[in-house]
Amino acid sequence: MPIFESFRGPRRAIAGKWLGAVLLAASVIATPAVAGEAECGAGVYRLADGGIVDVAAANEGALRWRNIDGSSGELKRDGDRWTSTAGWTGRPDGLQVRFDCAANHMAFGEQDAQRIALETHETSFTSHGTQLVGRLLLPPGDGPVPIVVLLHGAEFTSARDTNPLQRMLPAAGVGAFVYDKRGTGASGDKYTQVFSTLADDAVAALAEARRMAGTRGARFGFQGPSQGGWIAPLAATRTNVDFLIVSFGLAVSVADEDREAIAFQMGLKGYGPDVIAKAQEIGAATTRIFASGMRDGIEELDAVRGRYRNEPWYKDVYGNFTHIILGMTAEEIRTKGQAYRFGTPLHYDPMPTLRAVNVPQLWAIGGMDIDAPAGETSRRIKALIADGQPITLAVFPKAEHGMTEFETKDDGSRVSTRYTPGYFRLLIDYAKGDRLAAAYGDADITRPAATE
């Protein structure tokens, strides 16, 4: 969730949200714009069976497809067709795709699919004196629709280039407003993780979405993925919204996220409470360093590293930001470490804000998320529900960060295979304000008391 992340691609064993975007350049999977023939087929399509498939440009002339049912794959050109591989595994899945761009048509395996003509409007708006660049996408027609303002994780990439929800939601009847956060894409200023500033930017984005939508805007809400799970609720206390969606976010502080991630990661590797406590001593020392702007606590970290460096478990300590400086010398922390000063409020407590939000909320989190462990967040959200807050909590037990399922290689690394079933449909139904279905994939759903 801090400091680096992205929209979700092939996973390392313990890929942190601070470093993910730099390592993967990919919170669901990044698909940078690629010129050439790949752009011809890019778009969102309706299948003959009523399903929805988004096709977006990917690296090196490839395409990435995402089905609203959660299945996904990469397409590579093979003569007059494109062949698919399953998820991000690189294994052929037998699917072949052909595009007829002049007819806005796609042959997706045995099914015909027609491109959905979304209503698209580009714009720019201002927040704190900075020009931000956005885009409103609406379903075909002229009737009123709900509109979701899509916030961001900690990625450095352009959301207008990489966020597939901007097309998948409108294809399913929900408008979407996507914008490049400050310091990314075409938006101005420098990159920051100051939550208050980013929340104000979200408020400005909502105002612009309302202005542009006019009479087509029926209800408005925020969707905050990952780091956006801290920012979206904060923004909701500063403006009027009808609903709020948090995807793979946290109800604990950034510092606690690192501590919980260390515990969860070490537990998955089979270490017991004694070892986990020692590993968290290391995390506590790195937290002090980050919180001080890379000035204080370096000697403390050196001492704890000296104490545990030769322990067999030391190599497995990772966390979400601990790993960034764990292998640095004291001098490197003071010099190279300056690159990680983004104003991240490590000790921000989200609970007062969550108690102050009085609109319906959906929290969708992954039970196998090593970046944003679900345990304490789930407990806190359930406590808010028990206190009468209008929150729906959906824990998808096999999903990791980005709501993808995965397979684990022999070296312990994870590779995403698909999005967890039911996740996309849950977001759509919630945004529409529909009565939720009894089940969404295998999610364990805790509903507000009023709907039980």
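The model is predicted, so local features need pLDDT of at least 70 and side-chain atom pairs count only at pLDDT 80 or more, while totals for chains, interfaces and linings use all residues. Residues are numbered from 1 along each chain as its sequence is written, and side-chain values use heavy atoms, leaving out hydrogens and water.

Eight strands close into it in the order 1-2-3-4-5-6-7-8, with antiparallel pairing. On average, neighbouring strands of this sheet are turned by 30° against each other, direction ignored. Strands (E, at least two residues) and helices (H or I, at least four) are DSSP runs, numbered from the N terminus, and two strands pair if DSSP finds at least two bridges between them.

Next comes the disulfide, counted when a pair of cysteine sulfur atoms lies within 2.5 Å. The count comes to one disulfide. Cysteine 40 and cysteine 101 form it, with their sulfur atoms 1.5 Å apart. Distant parts of the chain are linked this way: cysteine 40 sits in helix 2 (residues 38-41) and cysteine 101 in the loop between strand 6 (92-100) and strand 7 (105-108), 61 residues apart. The link is right-handed, with 125° about the S-S bond.

Buried means under 20% relative accessible area, exposed over 50%, and partly exposed in between (1.4 Å probe, protein chains only).

| Residue | Relative accessible area | Class |
|---|---|---|
| Cysteine 40 | 34% | partly exposed |
| Cysteine 101 | 22% | partly exposed |
| Threonine 157 | 24% | partly exposed |

Threonine 157 is found in the loop between strand 11 (145-150) and helix 3 (159-162). Leaving aside residues up to four places away in sequence, threonine 157 touches Thr162 and Thr184, where contact means heavy atoms within 4.5 Å. Its C-alpha atom is separated by 6.3 Å from that of glycine 185, 28 residues apart along the chain.

Finally, look at two packed helices. Helix 7 (residues 254-268) and helix 8 (residues 273-291) pack at an angle of about 150°, their axes 9 Å apart. Axes are lines fitted to C-alpha atoms, for helices over the stretch in contact, and angles run from 0 to 180 degrees between N-to-C directions. The contact involves residues including Ile262 and Met266 of helix 7 and Ile276 and Ala279 of helix 8.
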